Amino acid sequence: MLVTDAISFTQKLGDGSELEFFTNNEVFFPTGTSGVLINAVQNQITSPGTLLDLGCGTGVVGVVLSKLGFASNPLFLSDASPKAVLLAEQNAKLHNVLCDARAGSLYEPWGSMKFDYIIDDVSGIAEDIAKISPWFHNVPCASGSDGADLVVEVLNRAPKHLNVHGKIFFPVLSLSNGERILKAARSNFNNVELLDRKTWPLPDEMRMHLDVVRRLANTGLIQIEEKFGMVLWHTDIYMAGN
């Protein structure tokens, strides 16, 4: 079954090339975090292995990493949204990537399966921020008041789904409670390493609601930086393993 209302977009790769993907208005549209995550992961994986793109959305991260040779066949994709899974399957087929795509919450579709690499792509942004952001139009966000609920659950359950010497890669957005996420990571893994950081200007749509942003920042639920008339936030990419 094809998603007939899909619209196309391109994802840039580190070498300047681009791959075409499809999405629609009911599926989370990839942000700049996807590119930062792809670049960080490819600099750490030295040989292909079983790779799970968890919370895959349109499948961009997993498909690109597969095309770059970091995922052994098949690529594993899952998302809570059935429509996202259909799009991910469509995008994988478009790029001749063999995939096993399943709909369901977090690890539920995978039972007791284990992987060499898990890429955490689930929502990680405070719900009040999601409401005023340009990223969650027509897309639900159930990541909790501090944006950490889903990522923390992913990290707490990850050891049971990783092979020996397996790694999990996860973004930590400063628009969530990063301290809570990192506490969960360090309680489950011996090694937690910061791979990259990218700083972004707050989107114009959110600058219209600076009262909400500042309120959350003042309570410590998120982190922003204001300087030279700009409001900045950042994405950190971490790798964890034992």
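1. Cys-99 is partly exposed, its relative accessible area being 23% (buried is under 20%, exposed over 50% and partly exposed in between; 1.4 Å probe, protein chains only). The model is predicted: local features need pLDDT of at least 70 and side-chain atom pairs pLDDT 80 or more, whereas totals for chains, interfaces and linings use all residues. Residues are numbered from 1 along each chain as its sequence is written, and side-chain values use heavy atoms, leaving out hydrogens and water.

2. The structure contains 0 disulfides (cysteine sulfur pairs within 2.5 Å). Cys-56 takes part in none, and the nearest cysteine sulfur, that of Cys-99, lies 8.6 Å away. From the side of Cys-99, the closest cysteine sulfur is that of Cys-56, and the separation of 8.6 Å is too far for a bond.

3. Helix α1 (residues 32–42) packs on helix α2 (residues 60–67) at about 35 degrees, the axes being 10 Å apart. Axes are lines fitted to C-alpha atoms over the stretch in contact, with angles from 0 to 180 degrees between N-to-C directions; helices (H or I, at least four residues) and strands (E, at least two) are DSSP runs numbered from the N terminus. The crossing is right-handed (near helix turned clockwise from the far one by less than a right angle; anticlockwise is left-handed).

4. To this contact (heavy atoms within 4.5 Å) α1 contributes Ser-34, Leu-37, Ile-38, Val-41 and Gln-42, while α2 contributes Val-60, Val-61, Val-64 and Leu-65.

5. Because 8 of its 11 residues are buried, α1 is largely enclosed by the rest of the structure. The buried residues of α1 are Thr-33, Ser-34, Gly-35, Val-36, Leu-37, Ile-38, Ala-40 and Val-41. Their packing partners are β1 (7–12), α2, β6, β7 (162–173), β8 (191–201) and β10 (230–241).

6. Rings of Phe, Tyr and Trp (its six-membered ring) pair if their centres lie within 6.5 Å; planes under 30 degrees apart are stacked, over 60 edge-to-face and the rest tilted. By this rule there are 5 aromatic pairs. Phe-76 and Trp-110 form an edge-to-face pair, because their ring centres are 5.6 Å apart and their planes stand at 90 degrees. Phe-76 belongs to strand β4 (residues 75–79) and Trp-110 to the loop between β5 (99–103) and β6 (115–120), so the pair ties together parts 34 residues apart in sequence.

7. Phe-76 and Trp-110 are both buried. Together with Phe-115, Phe-76 and Trp-110 form one aromatic cluster.
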